[in-house]
Amino acid sequence: MAAPRDTVAPWTRTRLRAAPGAAVALALLVALTASLAAVFPRAVDRYEDAGLRRAVEEATAQWTSVQLSAPQPAAELPQEEREWALLPDTLGKQYARLLDVVRRPLVADREQSTYGVRNAEPLEAPETWLPRPSGLPAQMSLAAPNGLADHARLREGRLPRTHGTVTAATAEVEAAVTTETAEKLRIKAGSVIHVPGVERAPLAVRVTGIVAPRDPEGAYWTTQPLLRRPSLARIPGSIGNEETYWLGALLLPPDAAPALLGTPGNPLRYWQLAPDPAVLTARDLSRLHSAVAALESGPDLLKVRDFTDPLTEATTDLDEVLTSYAGLRSGISPLVAVAAFGTGTVAAIVLLMAGGLAADRRRTELALLRARGGSLRGVMGRLLTETAVVAVPAGALGLTAALLAVPYGRLSYAVTAAAAVTLLACAVLPLRAATAHRVVRVHGAREDLTSVRPSRRRTVAELTLLVLASAAVFALRRRGAASGDQLVSLAPVLIGVIAALVLVRVYPLPLRRLARPAGRLRGAVGHLSLARAGRTSVSTVLPLLALLTALTTAAFGGSVLAGVADARDRAALLTLGADARIEATGPLPAGLPEKVRSTSGAGEVTALSITYLAKPEVGPVTVPLAGVEPEEYARLAGRTGLGTFPAGELSRPDTAAKRVLPALASPSVAERYGTRPLLVRLEDGSEITVRIVLVRDLTPAVSGTDFLVVDRSGLGTEAARPTALLVTGDHLDAGALHNAAGAGTDVRLRSEERARYVDSPLQSGAERVYTAAVAAGAGYAVLALLLALVRAAPERAALLARLRTMGLTRSQGRRLLVLEALPGALLAAAGGALTGWAAVRLLAPGIDLTTIALATPGGEPPPGTAPLHTDPASLLLPAVAVLLLSTGIAAAQAWWTGRKGSVTELRAGDAR
């Protein structure tokens, strides 16, 4: 019978059962951090890709489609071969080969891409029943697009078709027109339009049907807008509407394309490729540029010429759209990277602190293992195993949660980020234990700043960080945030790191000096608290580092967000001149100012008489001129901060002999005309004489750089009638303003104008990610503070228990812990605020928030710029929160310790 074997409990299971709370806390921390790390790159991918697709969609297909065209076959070729080259079978085969040539990531949207034949030059139609605005005959463009039946609904008649074989000599063909063409050119089903022929009789085109586009905004119709909508054209060199004519399109069936060879319209074969926005991604932007360039003027165009025509040309403005998007992205990405690096640094510090807390909690156990012969490698292996059992599943859970929360984005980046977090969490405890127990000791040495001096290696490391931070700040101030250097994005973090290391070295010195005079005061609480704060543990470096980094990032991030909001608000104010602007092309009703003033939220209403085409010196140059009531307008300018001036200097002179009106002008107008009397002719033909007496860069009435402002009472009766109202108020009711203004007026609110600057998902997405990153950094900073207090809690509890045996009261114990925590809290709060202020001031010259704040549809820059400035709330509120939280937790710990017994803390031999 076999002898019974001793059962040895597994190490990992035993350790996890011994401290389940610590294991659960570690799992939660790793899961949360891994989830945030995995979400970040996918969130960035999502808003960047959405911004690219929005940019391509809003640019319209006329800009983004790649249009390839080939001239008509050479005249020396046989006529049958020339006609064969225009047939849909031939063009369709070439179109299929063209799709194979296009490189990814440029992918054509096959539903909106097409091919066909069209005239390069329109043809005059002699029919007199076609509208002639100025007596000139209408001109028609013949086009034979493929897939008309799939992209249009028949509204009247039938779709055109061919009868037999169509050649260049065919006398009549059928066509369709769109509903807009039919309406504006008075074309009906059955109408016949003749176009000139070449060495033959005019070609008759019979309209058999009227169609409506299924997707009027799709690339099929918008790449060549003339196919859908006719337009009024003007003969080059004509003035006004004197020589205008209608230009429309007749849509022939594809098999009728050879008939265009018999007209002088220079028929072109065309293939238009509409990019599919759904497959465009920002990460492929450089490859997309290359694909467009290769097809527009590179090797891919040579391939296309091999199977189409040697003279085939490609045109597109997609590259300009991509370049505009790349500029917007390059201005936003560095700012998001600043928040990412800051939050990532604080999260890494928290993981290091969690590992250090676990190592301290098990210091006696690990020292005993080493004293009993445990090898350093064996102990590290066991610690790595038990940590990995908790951290790896937690990291996988966090990654899964991130993938479910943000299902879009690159998987590899998310997995890498979550794996990095998990690996760091697994490695911290073994490495800390290896560092602390490399040498076998029975009793641990003191680790406060009295006995542990900074080593040379630490000094070298701190000097290296100082050099890196200085280089990053210098690079950012010189090249700007959009330089693409990741070191630049680390600059706020490096500034916080340097400040933390410097403060840890410096701040015990004044505390020790203060402890000496405090020792002569009555009572021991003050002296003892200062003495303990001055002998702080070396382990406070990490908490202070986390707090300062988080506070610096929060101050920088808050200043960025505040700067963006202020820039949009300022730009909206510059555009409108007040909180709301009501304007019409003609005079406003006489009672409108009172109606507007009575609406909800309206404050002061300032009436303006604006003439946008005033002509100084009765010359060709026009300048906007605003007639105002000086007192009201001066109050408005003072309230808005747009060109404040004393009202008396703009008032009309009292004496009738003085007919020269004082004027307020922009610098450009003042430089152009000087201060001499200036004759100005208004739009109604009346004339006034003004003299420029005030010069201001800005004014509420006009948002441009050229303007004149005069007293309205000096204008004629017609010119003095108000054409605009500027309304101020805190909570304006948009609906009430629209109802009061009535039809025929333009009502714009400052809030609506402000929202217009958030045009791209790239902007809004970056703001959300930035805000989330700053908030996450603040949360990790609070967690770092809690970990630091938890680490010091056993030692503080033992201290209070021992002091109570010496007569310390509970209120004195609370004061002791609060006063002990107060210097460190003040250090972190003041240092964080100062470091944040310094970071913003140092980095502000290299950062321009205009891109993220003021992008507008069409790419036109709004008035004003968006420099980075310090936001007091972002500096003070986080610092005050740290101060209150630190002292509050210390007071709560003292209160809780006072309610517990002192037996546990007074056990003999307890290493506390």
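**Close-up views of a predicted model**

**View 1. The loop that holds Pro-105.** Pro-105 is placed in the loop between helix 5 and strand 2 (114–119), and the structure shown here and in the other views is a predicted model. The peptide bond joining Arg-104 to Pro-105 is cis, with omega at about 15°. Most peptide bonds are trans, and most residues other than glycine have a negative phi.

**View 2. Helix 5 against helix 10.** Helix 5 (residues 88–101) packs with helix 10 (residues 299–307) at an angle of about 160°, and their axes are 10 Å apart. Angles over 145 degrees count as roughly antiparallel, and the two helices are therefore roughly antiparallel to each other. The crossing of helix 5 with helix 10 is right-handed. From helix 5 the contact draws on Gln-94, Arg-97, Leu-98 and Val-101, which meet Asp-300, Lys-303, Val-304 and Phe-307 of helix 10; sorted by class, this contact has 4 nonpolar, 1 polar and 3 charged residues.

**View 3. Helix 2 against helix 13.** Helix 2 (residues 20–58) and helix 13 (residues 376–405) have axes 7 Å apart and pack at an angle of about 35°, in a right-handed crossing. On the side of helix 2 the contact includes Ala-23, Leu-26, Ala-27, Val-30 and Ala-31, while among the residues contributed by helix 13 are Gly-395, Gly-398, Leu-399 and Ala-402. The residues of this contact divide into 15 nonpolar, 4 polar and 1 charged.

**View 4. Helix 12 against helix 13.** Helix 13 also packs with helix 12 (residues 363–371), where the axes come within 10 Å and cross at roughly 145°, and the crossing is again right-handed. Here Leu-366, Leu-369 and Arg-370 of helix 12 are in contact with Leu-376, Val-379 and Leu-383 of helix 13, a set that comprises 5 nonpolar residues, no polar residue and 1 charged residue.

View 5. At 1.5 Å a residue, the 16 residues of helix 17 (residues 491–506) should span 22 Å, which agrees with the 22 Å between its end C-alpha atoms. Because 12 of the 16 residues are buried, helix 17 is largely enclosed by the rest of the structure. The buried residues include Ala-491, Pro-492, Val-493, Leu-494 and Ile-495, and Val-504 is also one of them. For the protein chain of 912 residues, 49% count as buried.

**View 6. The surroundings of Ala-85.** Ala-85 belongs to helix 4 (residues 79–85) and has a relative accessible area of 9%, so this residue counts as buried. Apart from neighbours within four places in sequence, the contacts of Ala-85 are with Pro-73, Thr-90, Leu-91 and Arg-269. The C-alpha atoms of Ala-85 and Asp-309 are 10.0 Å apart, although 224 residues separate the two in sequence. In the protein chain, 81% of the contacts with a separation of 6 or more are between residues 24 or more positions apart.

**View 7. Two loop residues with positive phi.** Thr-60, in the loop between helix 2 and helix 3 (61–64), has a positive phi of about 70° although it is not a glycine, and its relative accessibility of 38% makes Thr-60 partly exposed. Glu-199, in the loop between strand 7 (192–195) and strand 8 (203–213), likewise has a positive phi, near 55°; with a relative accessible area of 84%, Glu-199 is exposed.

Methods: Residues are numbered from 1 along each chain as its sequence is written. This is a predicted model: local features need pLDDT of at least 70, side-chain atom pairs count only at pLDDT 80 or more; totals for chains, interfaces and linings use all residues. Side-chain values use heavy atoms; hydrogens and water are left out. Axes are lines fitted to C-alpha atoms, for helices over the stretch in contact, and angles run from 0 to 180 degrees between N-to-C directions. Helices (H or I, at least four residues) and strands (E, at least two) are DSSP runs, numbered from the N terminus. Angles under 35 degrees count as roughly parallel, over 145 as roughly antiparallel, 65 to 115 as roughly perpendicular and the rest as oblique. A crossing is left-handed if the near helix is turned anticlockwise from the far one by less than a right angle, and right-handed if clockwise. Contact means heavy atoms within 4.5 Å. Ala, Val, Leu, Ile, Met, Phe, Trp, Tyr, Cys and Pro count as nonpolar, Asp, Glu, Lys and Arg as charged, and the others, Gly among them, as polar. The expected span of a helix is 1.5 Å times one less than its number of residues. Buried means under 20% relative accessible area, exposed over 50%, partly exposed in between (1.4 Å probe, protein chains only).
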